[in-house]
Amino acid sequence: MSAVITFANKKGGSGKTSTVVNTAGVLGSRGYRVLTVDLDPQAHLSFWSGVNTYDTYLSIYDALLGKCSGKDTLFRTEHGLYDVLPASTSFSSSFIKQLLDGQNPEGQLKKVLLDFRNDYDCILIDTPPTVAALTLNALSAAESVFIPILLNFLAIEGLAQLTQTIYRINAAFNPDLRMCGIIPNQYDIRSNHSKRVMKEINENFGEQMISPRIRNDIRIAEAPEYRIPINLFAPNSRGCMDFNLLADFILEKVTIAKGASK
């Protein structure tokens with residue numbers, strides 16, 4: 001059975017999509033079978049991975065509403081390092097109404113992913129900063145959650161709020177859910193502010209919860225233009241080095257077995 005990992009933060013621009021795409025790319029290059037799930041209506045993960053998001057196609061939202069199976073939405077990337085259950089920019093508020101009007105609305109993603117649990121070693125879920133029903137589905141489906149953050153003091157407040165949300169979901173919907181790490185994104189080694197924020201996070205959550213930092217690197221920002229992860233776009237960059245260290249951290253926190261079930 002695959003490990004299901006959600007990357008979540010209520011604050012936009014925290015680097016969730018970049019973290020999911022580049023972590024998936026690194027794990028895929030190491031021989032892991034990786035499925036990514038794009039729940040964000042901006043569909044940036046889908047676009048970055050090669051989906052023509054201006055086209056009409058079956059998306060994860062159709063699968064969540066039971067209009068098709070998850071496998072009907074599956075997109076295979078050209079590079080082959082991971083597959084995608086894509087989002088769609090045609091997402092609308094009527095979707096949320098239909099989802100919430102159905103039975104067990106928070107458990108629909110977990111139900112969809114049952115079809116994939118024996119086909120992949122890990123499933124990485126990208127969540128939107130808004131649309132609470134989608135994030136609730138992501139956290140209800142996962143065993144592990146990692147929180148990407150930008151290093152500013154407002155991010156610390158958001159981190160505290162999200163931690164409380166995770167504890168509530170753990171109690172009400174998903175007793176297997178565990179917060180496994182905080183991922184500092186766009187770290188500027190020259191910034192005293194970044195260092196102060198890191199110190200604050202360390203004091204509140206403990207050093208063992210903080211992943212290796214993802215440093216500022218223009219190559220990370222350039223990779224989406226070429227629709228490939230950083231390890232293919234710039235394998236010798238510091239961004240690629242940082243995401244390899246992040247993958248090591250995730251593998252220490254989460255048991256991901258290669259080809260456990262086929």
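Seven aromatic pairs turn up in this predicted model, where Phe, Tyr and Trp (its six-membered ring) count as paired if their ring centres lie within 6.5 Å. For the labels, planes under 30 degrees apart are stacked, over 60 edge-to-face, and the rest tilted.

A word on the ground rules: the model is predicted, local features need pLDDT of at least 70, side-chain atom pairs count only at pLDDT 80 or more, and totals for chains, interfaces and linings use all residues. Residues are numbered from 1 along each chain as its sequence is written, and side-chain values use heavy atoms, with hydrogens and water left out.

**Aromatic rings**
- F95 is buried, at 6% relative accessibility (buried is under 20% relative accessible area, exposed over 50%, partly exposed in between, with a 1.4 Å probe and protein chains only).
- Y226 and F233 form a stacked pair, because their ring centres are 5.0 Å apart and their planes lie at 25°.
- Within that pair, Y226 is partly exposed at 49%, whereas F233 is buried at 17%.
- F7, F146 and F249 are joined into a cluster by ring pairs.

**Charges over rings**
- K71 places its charged end over the ring of F116, 6.0 Å from the centre (the rule asks for NZ of Lys or CZ of Arg within 6 Å of the ring centre and within 35 degrees of the ring normal).
- Y32 has K258 over its face, 4.8 Å from the ring centre.

**Cysteines**
- The disulfide count is zero, a disulfide being a pair of cysteine sulfur atoms within 2.5 Å.
- C122 takes part in no disulfide, and its nearest cysteine sulfur, from C180, is 13 Å away.
- C122 is buried at 0% relative accessibility, and C68 is buried too, at 14%.

**The chain as a whole**
- Twelve helices and seven strands make up its secondary structure (DSSP runs, with H or I of at least four residues for helices and E of at least two for strands, numbered from the N terminus).
- The C-alpha trace spans about 50 × 40 × 35 Å along its principal axes.
- Of the 262 residues, 55% are buried.
- Among contacts (heavy atoms within 4.5 Å) with a separation of 6 or more, 79% are between residues 24 or more positions apart.
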